[in-house]
Amino acid sequence: RELDIEPSSPLLRAIMAASAERPKGSEMLDADGNLALLGYGLPDGFAATDCKQHSVLLYWQGNLSANATALFKIHVPAELASVGRGQKRLVVAVATAPPVQSWGVAEYLGAELKFRLFCGDKNSDEIVALLQRDEEEENVAAEAGVKDLKMGLGINRRSVGTLQRATHEWFVHKEEFSADDYTLAVSLAKASWAKQDTSVPVA
């Protein structure tokens, strides 16, 4: 609020999830079991909004159509190539507040969420082709051959619920990785019962 930001509920959830860490020694089950038991870990209120000389926090909040894909550009500096083999980490947290079904449990959420992260050496047109949804359009996605970045949680495991967080960690940063900004693709899929003009708060 000191920065004249009026945070939405999804934004508060997203930045707290981005700051969360699991205590050392707490992960005793498999990935699914740890996620169900521990969630994303313990949030750190200070770290949630802190920017340091070696890190930066980027955020966006707004509304998206319940059946749309939004592309966000994330600047990852090419100077990381000169840092050597030190660990680099990019954390993505996305939260939504879709309408919910009040008369049943099938398709409970009005919109399902998925996100993917692409390196800066990937062509934007190929990313769009990969993510296209319209059935009547020619399927050029298979020819694009664009791979998203591997994250700590796979796409299926991190595509459940209204709060998702995943981490991409790497050591060697090639200059071509930052030939352009990284691309974060956030996709919403409308439930069959949701209205065509349904708008979903996202952060």
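Select Ser187 to begin: this residue is buried, at a relative accessible area of 11%, where buried denotes under 20% relative accessible area with a 1.4 Å probe and protein chains only. Ser187 belongs to strand E6; strands (E, at least two residues) and helices (H or I, at least four) are DSSP runs numbered from the N terminus. Display Thr69 next, as its side chain and that of Ser187 form a polar contact at 2.9 Å (a pair of N or O atoms within 3.5 Å, one able to donate a hydrogen and the other to accept it; residues adjacent in sequence count only if both atoms are side-chain atoms).

The model is predicted, local features requiring pLDDT of at least 70 and side-chain atom pairs pLDDT 80 or more, while totals for chains, interfaces and linings use all residues. Residues are numbered from 1 along each chain as its sequence is written, and side-chain values use heavy atoms, without hydrogens or water.

Turn now to the largest pocket, with a volume of about 1400 Å³. Of its 39 lining residues, Val56, Leu57, Arg89, Leu90 and Val91 are the closest to its centre. Helix H1 (9-19) and strands E2 (69-74), E3 (88-95) and E6 (182-190) each give two or more residues to this lining. Colour E3 separately: this strand gives the most, seven residues.

Finally, select helix H3 (residues 124-131), whose buried residues are Ile127, Ala129 and Leu131. At the start of H3, show Asn123, a side-chain oxygen of which comes to within 2.7 Å of the backbone nitrogen of Asp125.

Note on methods: Buried < 20%, exposed > 50% of the residue type's maximum accessible area, 1.4 Å probe, protein only. 1 Å grid on protein atoms, 1.4 Å probe; cavity = no way out; pocket = protein on both sides within 12 Å on 5 of 7 lines; lining within 4 Å. Points joined across faces, edges and corners; volume = space filled by probe spheres on them.
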